[in-house]
Amino acid sequence: MPIKAPRVCSCGKIVPANVVCLCVQRRKAESDKRRPAASQRGYDHEWQKAASAYLAEPANQYCECGAPATLVRHIVSIRQRPDLRMVRTNWKPGCRRCNARDTTTQSKEIG
Ligand SMILES: [Zn+2]
Ligand SMILES: [Zn+2]
């Protein structure tokens, strides 16, 4: 019986024919984590509704920088904890500028 030749993965490692390379496993685990369980559209509708109710509360009128709050920010990034997206204790009122700054920092950490 012929032995299948190992192949070279796109990451440069030599992988036995019947084995999935670690880099592929890791990539798959990460994309599974990122994908929201609920359908994107229904989830977003729910989010919009909850977020505007949150921002309507007197305690949530201003961003920490003092600007009027126009959106809900997450205290713990939902990139790390997607399950905390709809959890109010993980929310804070924010403005567009601070939110953009958050997003930039986060993508730097990831990249
Ligand atoms: Zn690989
Ligand atoms: Zn702000």
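## Aromatic pairs

Two aromatic pairs are counted in this predicted model, where rings of Phe, Tyr and Trp (its six-membered ring) pair if their centres lie within 6.5 Å, and planes under 30 degrees apart count as stacked, over 60 as edge-to-face and the rest as tilted. One of them joins W47 and W91, whose rings lie 5.2 Å apart from centre to centre with 85° between their planes, an edge-to-face arrangement. This pair links distant parts of the chain, since W47 belongs to helix 2 (residues 40-56) and W91 to strand 4 (residues 91-94), 44 residues apart; helices (H or I, at least four residues) and strands (E, at least two) are DSSP runs, numbered from the N terminus. W91 is buried, with a relative accessible area of 4%, and W47 counts as buried too, at 12%, because buried means under 20% relative accessible area, exposed over 50%, and partly exposed in between (1.4 Å probe, protein chains only).

Y54 and W91 form another edge-to-face pair, with 5.2 Å from centre to centre and 85° between the planes. Here again distant parts of the chain are linked, Y54 standing in helix 2 and W91 in strand 4, 37 residues apart. Y54 counts as buried because its relative accessibility is 7%. Taken together, W47, Y54 and W91 make up one aromatic cluster.

## How the model is described

Residues are numbered from 1 along each chain as its sequence is written, while chains are lettered from A and ligands numbered from 1 in the order in which they are written. In this predicted model, local features need pLDDT of at least 70 and side-chain atom pairs count only at pLDDT 80 or more, whereas totals for chains, interfaces and linings use all residues, and side-chain values use heavy atoms, with hydrogens and water left out.

The protein chain has an average pLDDT (the predictor's confidence in each residue, from 0 to 100) of 86, and 83% of its residues score at least 70.

## The order of the elements

Three helices and four strands make up the secondary structure of the protein chain, and from the N terminus on they follow the order β-β-α-α-β-β-α. Of the 111 residues in the chain, 23% are buried.

Strand 3 and strand 4 run antiparallel and are joined by four bridges, where two strands pair if DSSP finds at least two bridges between them. H74 has W91 in strand 4 as its bridge partner, and this tryptophan is also the residue that pairs with Y54. Both faces of strand 3 are covered, for L71 and R73 on one side and V72 and H74 on the other are all buried. In the loop between strand 3 and strand 4 stands R85, which is buried with a relative accessible area of 12%.

## The zinc ion (ligand 1)

Four cysteines hold this zinc ion: C9, C11, C21 and C23 are its protein donors, each through SG, at 2.2 to 2.3 Å. Donors are N, O and S atoms within 2.8 Å of the metal (3.2 Å for Na, K and Ca), and water is not among the atoms, so sites may look incomplete. The site is tetrahedral, with angles of 100 to 114° among its four donor atoms, as four donors count as tetrahedral if all angles lie between 85 and 135 degrees.

Along the chain these donors follow the spacing C-x1-C-x9-C-x1-C. C9, in the loop between strand 1 (7-8) and strand 2 (14-15), and C21, in the loop between strand 2 and helix 1 (22-34), link distant parts of the chain, 12 residues apart. C9 counts as buried at 9% relative accessibility, and C21 is buried with a relative accessible area of 3%.

## The zinc ion (ligand 2)

The zinc ion (ligand 2) is coordinated by the SG atoms of C63, C65, C95 and C98, at 2.2 to 2.3 Å. Angles of 107 to 118° among the four donor atoms make this site tetrahedral, and the sequence spacing of its donor residues is C-x1-C-x29-C-x2-C. Because C65 lies in the loop between helix 2 and strand 3 (71-74) while C98 lies in helix 3 (residues 96-110), this pair ties together parts that are 33 residues apart in sequence. At 40% relative accessibility C65 counts as partly exposed, whereas C98, at 4%, counts as buried.

Definitions and conventions: Four donors count as tetrahedral if all angles lie between 85 and 135 degrees; four count as square planar and six as octahedral if opposite donors are over 155 degrees apart and all others between 65 and 115; anything else is irregular.
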